[in-house]
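Me: Could you walk me through this structure, one question at a time? I am new to this and would like to see how each answer is reached.

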Amino acid sequence: MAEQETPVVFLHQVERRYHQGDAVLEILRGGDLAVWPGQSVALVAPSGAGKSTLLHIAGLLEHPDGGEVYLDGVPTAGLSDAARTRMRRNSIGFVYQAHHLLPEFSAVENVMLPQMIRGLGRGEAHKRASELLSYLGLAERLTHRPAELSGGEQQRVAIARAVANVPRLLLADEPTGNLDPKTSDHVFHALSQLIRASGLTVVLATHNMEIAARMDRRVTIRDGMIVEMA
Ligand code: ADP
């Protein structure tokens with residue numbers, strides 16, 4: 001049973017509020033979310049509901065104002081910034097709405113870099129990057145720079161880069177939000193294939209109900225709580 005395992009990420013009674021002048025914006029008021037190994041979870045909520053905030057907290061990019069974030073059972077609130085950064089680099093992959101690829105590097109180099117930062121040799125990093133990009137249908141685009149790629153191709157490179165170090169957890173923030181419906185479908189198809197083949201654990205924020213329907217679970221943010229959708 002999944003429940004006897006340790007969640008890959010467990011948000012426990014997480015609170016997050018922003019102060020805007022005299023007003024306090026309560027985004028999360030004690031949200032709980034456990035994501036089990038190999039699960040894919042769609043986070044579906046209107047713009048401004050707190051999806052990015054939740055992903056940033058789960059990815060250790062932001063501290064919650066209350067509660068705890070466990071990664072593979074390890075509480076993270078008390079960790080130093082250096083330890084959080086190390087954990088993020090070793091365990092978490094991010095895909096954003098904009099690709100954030102480095103413009104002066106080729107597709108394959110963009111996917112090699114995070115691996116080399118982690119200590120892999122150039123040859124090995126190149127081999128893995130080429131395999132991943134080929135898997136995502138980009139075998140003929142390895143040496144193209146981001147500006148020489150279409151939007152859908154750029155986003156597939158960003159996905160390859162995010163999973164290059166075999167993260168425990170992939171966090172995706174509307175990864176197909178900037179693409180036209182057909183391209184979005186194509187990119188999501190490539191992403192789902194990769195998720196299935198690798199058994200990745202994923203939390204993906206999306207507005208797209210068709211995409212959400214293809215994930216294992218759907219959750220939303222309501223009144224500052226994280227709630228399961230039907
Ligand atoms: P979503 O990803 O669902 O669109 P966000 O998590 O980006 O929502 O933002 C949730 C709410 O918090 C929004 O109303 C946003 O304006 C506000 N917000 C986000 N970050 C900050 C910040 N650093 N300071 C003040 N308000 C913020």
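Reply: Strand 7 (residues 169-173) and strand 8 run parallel as a pair, with 5 bridges; strands pair if DSSP finds at least two bridges between them. This is a predicted model, where local features need pLDDT of at least 70, side-chain atom pairs count only at pLDDT 80 or more, and totals for chains, interfaces and linings use all residues. Residues are numbered from 1 along each chain as its sequence is written, and side-chain values use heavy atoms, leaving out hydrogens and water.

Me: Which residue in strand 8 does Asp-173 stand opposite?
Reply: Strands here are DSSP runs of E with at least two residues, and helices are runs of H or I with at least four, numbered from the N terminus. Strand 7 and strand 8 pair in the parallel sense. Within strand 8, the residue opposite Asp-173 is Ala-205.

Me: In strand 8, what is the bridge partner of Val-41?
Reply: Strand 3 (residues 40-43) also pairs with strand 8 in the parallel sense, over 4 bridges. The strand 8 partner of Val-41 is Val-203.

Me: Why is strand 8 largely enclosed by the rest of the structure?
Reply: Buried means under 20% relative accessible area, exposed over 50%, and partly exposed in between (1.4 Å probe, protein chains only). In a regular strand, side chains alternate between the two faces of the sheet. Here Thr-201, Val-203 and Ala-205 are buried on one side, and Val-202 and Leu-204 on the other. Strand 8 is largely enclosed because its buried residues number 5 of the 5.

Me: Now the ligand: how far from an oxygen atom of the ligand does a backbone N or O atom of Gly-48 lie?
Reply: A polar contact is a pair of N or O atoms within 3.5 Å; within protein, one must be able to donate a hydrogen and the other to accept it, and residues adjacent in sequence count only if both atoms are side-chain atoms. For Lys-51, a backbone N or O atom is 2.9 Å from a ligand oxygen. For Gly-48, the distance is 2.7 Å.

Me: How many of the 8 residues of helix 1 are buried?
Reply: Among the buried residues of helix 1 are Lys-51 and Thr-53. Helix 1 is mostly covered, and its buried residues number 6.
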